[in-house]
Amino acid sequence: MIKLGRNDLCWCGSGKKYKKCHEAFDEKIIQFARQGHIVPSHDIIKTPEQIEGIRESGKINIAVLDYVAERIKPGVSTEEIDQWVYEKTTQMGAIPAPLNYCGFPKSVCTSIDEVVCHGIPDKNRILQEGEIINIDVSTIYKGYYSDSSRMFCIGEVSEEKRKLVEVTKECVEIGIKHVKPWTFLGDMSEEINKHAMKNGYTIVREIGGHGVGLEFHEDPFVCYVAPKGTEMLMVPGMVFTIEPMVNMGQPDVYTDEEDGWTVYTEDGLPSAQWEVTVVVTEDGCEVLVY
Ligand code: MF3
Ligand code: CO
C-alpha cells in the first residue's frame, strides 16, 4: 500500500482529500492486518461508478435467467438453453462471459443432477422429467462482469431432490444475511455450512465463490467451509459471489478428464447450487445480481 499524504487526493478516485475520504478506512484495515487477518487490497474495492456498472450488467444477467425460466421444460436440450442465453445476452448489447473463457466452448454452464458445475451444453443432452439443473449465467456489459445462477426442477422431481434445491437456496439467503463489513468471509461461510450440515448435506471444498466486477474471477476466493474468524475481512465496496455447491452425499468431486470442465460428485449423488453477486455496504450488503 502506498502511503498517501493526508491532503493528497484519495486513491478511490472520489476527488476528495485522503483525510476526508478513505484514511480512517485504511487505518481500520491496517489494524486487522496487524492482528494477522487477510485483508483486501485497494484494487478489489469498487467505486460507486463501478458498482453501478456491475448493477447494470446484473440486470441483463437476471433478464437472461428469466428468459431461460420461461422456456425450460422436459424435452429441451442443453444446447437450446445455450442458444437462448447467447441470443438474449447479445440482443441486450452484452457478451456471455463463459464463451471462450479459458477455452470454455459455450455461453452458459448447464449442470444436471450429479454434475456439480461447469456442465457443457450439448445437443444430445435432453432434459428429462425429474432432473434438477443449475443454469449459471455470467454477463459482460460495458466491461463489467456479473454472475448468478439458479436451479430448475424439470417437471415433477423427487421430494429428496426438491429439498436439496430448497436448502441450497436457503444457504445463499443465510449467506446474504451474514455479509457485514468488518467481519470475515469465514463468519458467513460457517453459517452456510452449518445450515447444509443440519440438513445432512455437505459443501464442496475445492470450488467456491470469487470476487467479480472488472474481471470474471477476482480475489478473494470465497470458501464455504471456512470457520468463523478466518478468510478475508469484508469491507464496503467489495463485490463477490455467494455460490455454495451443496451435495446430497459426500463433498468429494472430480473433473471430467476428456472435456476438462464438467465437475461431478464422486459418489454420483445430486448436487445443487444457487449463485448471487453482492456488494458489501456500510451496514450489510446489497444483492446486485440474483
Ligand atoms: N459462472 C461460473 C462461476 O460462478 C464460472 C464458469 S467458468 C466457465 O464462477 F468457463 F465455465 F464458464
Ligand atoms: Co461465480
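How many residues of the shell around ligand 1 are nonpolar, polar and charged? I looked it up in this predicted model and got 6 nonpolar, 4 polar and 4 charged. Here Ala, Val, Leu, Ile, Met, Phe, Trp, Tyr, Cys and Pro count as nonpolar, Asp, Glu, Lys and Arg as charged, and the others, Gly among them, as polar.

Residues are numbered from 1 along each chain as its sequence is written, while chains are lettered from A and ligands numbered from 1 in the order written. Local features need pLDDT of at least 70, side-chain atom pairs need 80 or more, totals for chains, interfaces and linings use all residues, and side-chain values use heavy atoms, without hydrogens and water.

Next I checked who sits around ligand 1. I found 14 residues, the closest being Pro 98, Asp 136, His 210, His 217 and Glu 243; to be near, a residue needs a heavy atom within 4 Å.

Then I went for polar contacts (pairs of N or O atoms within 3.5 Å). Asp 136 has a polar side-chain atom 3.0 Å from a nitrogen of ligand 1. For oxygen atoms of the ligand, I noted His 217 at 2.8 Å and Asp 147 at 3.1 Å, both through side-chain atoms.

Cys 10 is in none, and its nearest cysteine sulfur, from Cys 21, is 3.7 Å away. I also saw that Cys 10 is buried at 6% relative accessible area, since buried means under 20% (1.4 Å probe, protein chains only).

Methods
Polar contact = N/O pair within 3.5 Å; in protein donor to acceptor, adjacent residues only side chain to side chain. Disulfide = S-S within 2.5 Å. Buried < 20%, exposed > 50% of the residue type's maximum accessible area, 1.4 Å probe, protein only.
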